[in-house]
Amino acid sequence: KGLIDGITPLCIDGGSRVTMTSLADMAVGCLIKGGAEMSNALEGFLLRNELYDASDTCLMLVGAATVAISQDTSFDQKLMEGQNIVTLLSSVESPKLETIWPVRCLLKMAVVRNCLRSTLLVLNAAIPNELRWRAPHRIGVVSTKRPSLGLFLALVGTILESSTEATRVLLDLLDEES
């Protein structure tokens, strides 16, 4: 029996592969829509389920990461006179879970599905400045600020912790400004 009385679990033998993939993709979409509160459930689903479409999931999670990062309200700390980089790093505030969860889930999926390189390429195309802690070029007369150091450190740390291959892939990333 299923988790709820009267509902039996679906199995591949009883349903078509297309139906199962569609259901798995819907589950991924719903869990992503649940945000940070559902991120642990999403992680578990991505690690155990093999039926969801990895490409679609990658795009949805990169989109969620872009939105979460754009809503990050943490500020960039400046190196003050007489302060060294070590003291600056020790005073950096880590971003909230609401900001970093999509990247964490994305990397779990990429490692399980063996698509880390292509996943990081997509992430790099979406948030190149955040992955390099640099300010974007000026857009017209409006200058945009550099992403927070805490966000940068959290992103790089999450990527490096994902797998042993991640260091090489991260160092190989390029963009138009590199």
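**Notebook: rings, a helix and a pocket**

I started at Tyr-52, which comes out at 2% relative accessibility and so goes down as buried. A reminder to myself that this is a predicted model.

Next I asked what sits over the face of Tyr-52. I found Arg-113 there, at 4.1 Å from the ring centre.

**Aromatic pairs**

I then looked up how many aromatic pairs the structure holds, and got two. The pair I noted to begin with is Phe-45 with Tyr-52: ring centres 6.3 Å apart, planes at 35°, so I logged the pair as tilted. Stacked would need planes under 30 degrees apart.

I checked where the two residues lie: Trp-133 is in the loop between α6 (116-126) and α7 (149-162), and Phe-152 is in helix α7, so the pair ties together parts 19 residues apart in sequence. Phe-152 is at 19% relative accessibility, and since the cut-off for buried is under 20%, I wrote Phe-152 down as buried.

**Helix α7**

Since Phe-152 had taken me to α7, I stayed with that helix. I read off 14 residues and a reach of 20 Å from first C-alpha to last, close to the 20 Å expected at 1.5 Å a residue.

Is α7 mostly covered or mostly open? I get mostly covered, with 10 of its 14 residues buried. My list of the buried ones includes Leu-149, Leu-151, Leu-155, Val-156 and Ile-159.

**Second largest pocket**

My last stop was the second largest pocket, with about 280 Å³ of space in it. I got 17 lining residues for this pocket. Which of these lie nearest its centre? I wrote down Ala-68, Gln-71, Asp-72, Glu-98 and Thr-99.

I also looked up the helices behind the lining: α3 (54-70) and α5 (97-112) each supply at least two residues. The most comes from α5, which gives four residues. By class, I have the lining as eight nonpolar, five polar and four charged residues.

Note on methods: Residues are numbered from 1 along each chain as its sequence is written. This is a predicted model: local features need pLDDT of at least 70, side-chain atom pairs count only at pLDDT 80 or more; totals for chains, interfaces and linings use all residues. Side-chain values use heavy atoms; hydrogens and water are left out. On a 1 Å grid over the protein atoms alone, a cavity is a set of points where a 1.4 Å probe fits but cannot get out, and a pocket is an open set with protein on both sides within 12 Å along at least five of seven lines; lining residues have an atom within 4 Å of a point. Grid points are joined across faces, edges and corners, and a volume is the space filled by probe spheres set on the points. Ala, Val, Leu, Ile, Met, Phe, Trp, Tyr, Cys and Pro count as nonpolar, Asp, Glu, Lys and Arg as charged, and the others, Gly among them, as polar. Rings of Phe, Tyr and Trp (its six-membered ring) pair if their centres lie within 6.5 Å; planes under 30 degrees apart count as stacked, over 60 as edge-to-face and the rest as tilted. Buried means under 20% relative accessible area, exposed over 50%, partly exposed in between (1.4 Å probe, protein chains only). A charge sits over a ring if NZ of Lys or CZ of Arg is within 6 Å of the ring centre and within 35 degrees of the ring normal. The expected span of a helix is 1.5 Å times one less than its number of residues.
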